Amino acid sequence: MSIPATLLELAPRVKSVCVMTGAGVSAESGVPTFRGTDGLWKKFKPEELASVEAFLRNPEIVWEWYSYRRKLMENVRPNSAHLAMAELETLVPDFLLVTQNVDGLHREAGSADPVELHGNIRRNHCQSCGEDPGSEFKLEDGHVPKCPSCGGLLRPSVVWFGELLPMDEFGRAERAAKRCELFVLAGTSGVVWPAASLPFTAKTGGAYILEINPEETELSRYADGIIRSRATEGVPSLLSAFKQLR
Ligand code: NAD
Ligand code: ZN
């Protein structure tokens, strides 16, 4: 695995970086991807559970699935890719970490104020009034927790299929993509929209697009440079290149 030469030329003077991550970055922490081991849970596909319609039809089963996923994530810790990204942030004057992951591992690794485009699985909010009553509410004896303010159904704070992204957060990501000189795509297949529009926004703005992924993706052909490796190798090497060259 090597760092593309054009990127090495850029690294010493880059002032603005935007990094977008996906499930691949957390895979090595042991968080299963949707298409991985929990791709099928009790014969349901994620698409059949992760929507408002599914929730309103059967909130208990949706809660049960999220309780299962929360349990899987209970003991996971950030890996060297999360940590290297948090350190890279301290070397660049303008840096934004944008993630599609809902596991909260970038925050835990020390990224200051990451954009969580698809929410955070550890938080809840009320389906009726939107209030966040805290993360301690859970499914109790099969009963879905209710909102202390309005009595509505509480739900995990993740963005479901068919729902809009949090607009202010997406705006923050778009502005960063527009102004950055280097845009890094790490561990994402780039098929989930509108997140997948961000590299195009960056490219239109003249940024160098770097992909870190062991596999080819839909976005590979638009990349200016590619590190074909796992995130735990590629991101720390990018960090050491920055440290040596700056
Ligand atoms: P995806 O599952 O579509 O793609 C994962 C990508 O990661 C693939 O391109 C794969 O080649 C790559 N990959 C696999 N192992 C890797 C490694 N060790 N290092 C680097 N890359 C690796 O994931 P996505 O693009 O994030 O889209 C899936 C959607 O599912 C997102 O919207 C996300 O919100 C959600 N999701 C989140 C989590 C999480 O929070 N950790 C887990 C599963 C799904
Ligand atoms: Zn409420």
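In which helix is glutamate 233 found? Select this residue in the viewer: glutamate 233 belongs to helix H10. The model on display is a predicted one.

**Stop 1: Glutamate 233**

With glutamate 233 selected, show its surface. Its relative accessible area is 33%, so it counts as partly exposed, the class between 20% and 50%.

**Stop 2: The largest nonpolar core**

Remain with H10 and turn to the core to which it contributes. The largest nonpolar core comprises 27 residues, and those touching the most other members are Leu7, Leu182, Leu210, Ile212, Leu238 and Phe242. Two or more residues come from each of helix H1 (5-10), strand S1 (16-21), helix H6 (80-91), strand S2 (94-99), strand S6 (182-186), strand S7 (208-212) and helix H10 (231-245). Of these, H10 gives the most, with five residues.

Now select leucine 210 and display its surroundings. Leaving aside residues up to four places away in sequence, leucine 210 touches Pro4, Leu7, Leu182, Phe183, Val184, Leu185, Gly225, Ile226, Ile227 and Leu238. Another core, of 23 residues, lies apart from this one; Val31, Ala50, Tyr66 and Cys147 are among its members.

**Stop 3: Helix H5**

Colour the buried residues of H5: they are Pro59, Ile61, Val62, Trp63, Trp65, Tyr66, Arg69, Arg70 and Met73. Their packing partners are helix H3 (46-49), helix H4 (52-57), strand S4 (119-126) and strand S5 (154-158).

**Stop 4: The second largest pocket**

Which residues line the second largest pocket? Select Trp63, Ser67, Arg70, Lys71, Met73, Glu74, Ile121, Arg122, Ser135, Lys138 and Leu139 to see its lining. The space within amounts to about 320 Å³. H5 and S4 each supply at least two of the lining residues, and H5 gives the most, with five. By type, the lining consists of four nonpolar, two polar and five charged residues.

**Stop 5: Helix H8**

Move to helix H8, residues 167-179. From the first C-alpha to the last, its 13 residues reach 18 Å, close to the 18 Å expected at 1.5 Å a residue. Buried within H8 are Phe170, Gly171, Ala173, Ala176 and Ala177. These buried residues pack against S1, S2, strand S3 (115-116), S6 and H9.

**Stop 6: The largest cavity**

From H8, proceed to H9, one of its packing partners. How many residues does helix H9 give to the lining of the largest cavity? Helix H9 (residues 198-204) gives three, the most of any element. To view the whole lining, select Leu185, Pro199, Phe200, Lys203, Ile209, Leu219 and Tyr222. Six of the lining residues are nonpolar, none is polar and one is charged. The volume of this cavity is about 40 Å³, and the structure holds one cavity of 30 Å³ or more. Leu185, a member of this lining, is also among the residues that leucine 210 touches.

Key
Residues are numbered from 1 along each chain as its sequence is written. Chains are lettered from A and ligands numbered from 1 in the order in which they are written. This is a predicted model: local features need pLDDT of at least 70, side-chain atom pairs count only at pLDDT 80 or more; totals for chains, interfaces and linings use all residues. Side-chain values use heavy atoms; hydrogens and water are left out. On a 1 Å grid over the protein atoms alone, a cavity is a set of points where a 1.4 Å probe fits but cannot get out, and a pocket is an open set with protein on both sides within 12 Å along at least five of seven lines; lining residues have an atom within 4 Å of a point. Grid points are joined across faces, edges and corners, and a volume is the space filled by probe spheres set on the points. Helices (H or I, at least four residues) and strands (E, at least two) are DSSP runs, numbered from the N terminus. Ala, Val, Leu, Ile, Met, Phe, Trp, Tyr, Cys and Pro count as nonpolar, Asp, Glu, Lys and Arg as charged, and the others, Gly among them, as polar. Buried means under 20% relative accessible area, exposed over 50%, partly exposed in between (1.4 Å probe, protein chains only). Contact means heavy atoms within 4.5 Å. A nonpolar core is a set of buried Ala, Val, Leu, Ile, Met, Phe, Trp, Tyr and Cys residues joined through side-chain atoms within 4.5 Å. The expected span of a helix is 1.5 Å times one less than its number of residues.
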